[in-house]
Amino acid sequence: MIHLVHHPDYVAPAPARSRYQWNKNGLVRDLLREEGPVFAWHEPEPMPRAWLEAVHDPDYVDEVLRAAVPPEKERRIGFPVTPEVARRSQAVPGGTYLAARLALEHGFAANTAGGSHHALADTGAGFCVFNDLAIAAARLVEEGHRILIVDCDVHQGDGTAALTAGRPEIATYSIHAEKNFPVRKARSTLDVPLPDGVGDAEYLETLERTLLPLLRGFAPDLVLYQAGVDPLAGDRLGRLSLSYGGLIARDRWISGVMTSHGTPFASALGGGYGEDALEVSRRHVASILALGGLAAKEPLQG
């Protein structure tokens, strides 16, 4: 049984002038339902405003919740913040937090959205409004936990690194394409920049060689995993060259390592981009299933 977190507000109508695939979360939900009764579904509470403000500037939080984000910030985000987007932006951090709480109880849980690792203190960026990873981590720290955020998105988790810097109970790891967005990188606890075109074997060897010492040395109570599927070769916004099989191997390895170390872990969806929204959504579904120790009924092809 895999514990999944989903909220109806994750499926927001596409704002005007948006390049983000707003139908992705609905497709992910529907594809997971087609897998059969192997999931326990949970609906989160929206993240309380006080916890949003524990990480983000209160004025920016107010702008988002009132759907009154200035145009220059909307340009950095990549789409207008409508009332529907505002509700979604508050629901997603609540989902990542709930997934973490479920993981502490069951070993693993997945949020069907989130991984918004580019959002900064006073603005969103790169399709990210609020940083659900940093918000959930900050709340969990206040509850007495040590948190390691493992980010395998093809883009560096700059916002997460910046928002959690100076917090000794939170460590951040980012393995990403060095020449990809953002141009100006932040400093994670451990950054692993990769050259363009890295494939399965080199990626998996580098992941194991660099992540294991941090995991053992930091000894977290919980790992928040940003499970971006944009390292795939041919991803519209990626620069790496993993195969479909390589993505599955990555997530099976993550699951195996966390299980063997007795470390609960919760995943957030992360990035994945392409012209075919169904193909991208299938990548995310395969990732969640691999993390939970299952195989998709319709294996990825390629």
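Predicted model: local features only at pLDDT ≥ 70, side-chain atom pairs only at ≥ 80, totals over all residues.
## Basis of the model

Local features need pLDDT of at least 70 and side-chain atom pairs count only at pLDDT 80 or more, whereas totals for chains, interfaces and linings use all residues. Residues are numbered from 1 along each chain as its sequence is written, and side-chain values use heavy atoms, with hydrogens and water left out.

## Overall fold

The chain has 10 helices and 8 strands, taken as DSSP runs (H or I, at least four residues, for helices; E, at least two, for strands) and numbered from the N terminus. The radius of gyration is 17 Å, close to the 19 Å given by the globule rule for 302 residues, so the chain is as compact as a globular protein of that length. This radius is taken over C-alpha atoms, and the rule is 2.2 Å times the number of residues to the power 0.38. Along its principal axes, the C-alpha trace spans about 45 × 40 × 40 Å.

Of the 302 residues, 59% count as buried (under 20% relative accessible area, with exposed over 50% and partly exposed in between; 1.4 Å probe, protein chains only). Among contacts (heavy atoms within 4.5 Å) between residues at least 6 apart in sequence, 74% join residues at least 24 apart.

## Cysteines

The structure holds 0 disulfides, a disulfide being a pair of cysteine sulfur atoms within 2.5 Å. The sulfur of cysteine 128 is 16 Å from the closest cysteine sulfur, in cysteine 152, which is too far for a bond. Cysteine 128 is buried at 5% relative accessible area, and cysteine 152 is buried at 0%.

## Backbone exceptions

Most residues other than glycine have a negative phi, and most peptide bonds are trans. A cis peptide bond, with omega about -5°, joins phenylalanine 181 and proline 182; proline 182 is in the loop between strand S5 (170-177) and strand S6 (190-194).

Phenylalanine 127 has a positive phi, near 70°, and is in the loop between strand S3 (108-111) and helix H6 (132-142). At 17% relative accessibility, phenylalanine 127 counts as buried. Alanine 219 also has a positive phi, of about 50°; alanine 219 lies in the loop between helix H8 (200-218) and strand S7 (222-226) and is partly exposed at 43% relative accessibility.
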